[in-house]
Amino acid sequence: VRLNAGKKSRFSVTEGHTTSALVLSGEIKTEGGEVIRPGEMALFERSGTDFEIEASSDSKLLFLIGQPL
């Protein structure tokens, strides 16, 4: 996923699935205000189905989503 600086994006996932985002470049901020930089991974709560992130700079992300093992 590519996000332009200053843009927010909302994502929907299946409730109970593990969702993480690896920042490949740029910088993002989670709804909770946590800043995630290149090479870092954000792990999102399994409860709920929606989450939002904001790009602090032009960013590229890799999302990993699946059922817990």
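Residues are numbered from 1 along each chain as its sequence is written. In this predicted model, local features need pLDDT of at least 70 and side-chain atom pairs count only at pLDDT 80 or more, whereas totals for chains, interfaces and linings use all residues, and side-chain values use heavy atoms, with hydrogens and water left out.

Begin by selecting Ile28, Phe44, Phe51, Ile53, Leu61 and Phe63, which have the most contacts inside the largest nonpolar core, a set of 14 residues. Such a core consists of buried Ala, Val, Leu, Ile, Met, Phe, Trp, Tyr and Cys residues joined through side-chain atoms within 4.5 Å, where buried means under 20% relative accessible area, exposed over 50% and partly exposed in between (1.4 Å probe, protein chains only).

Next, select Phe11, Phe44, Phe51 and Phe63, which form one aromatic cluster. Rings of Phe, Tyr and Trp (its six-membered ring) pair if their centres lie within 6.5 Å, and planes under 30 degrees apart count as stacked, over 60 as edge-to-face and the rest as tilted. The rings of Phe11 and Phe63 have centres 4.8 Å apart and planes at 50°, so this pair is tilted. Phe44 and Phe51 form a stacked pair, at 4.2 Å centre to centre and 25° between the planes. Phe51 is buried, with a relative accessible area of 6%, and Phe44 is buried at 14%.

Leu24 is partly exposed, with a relative accessible area of 49%.
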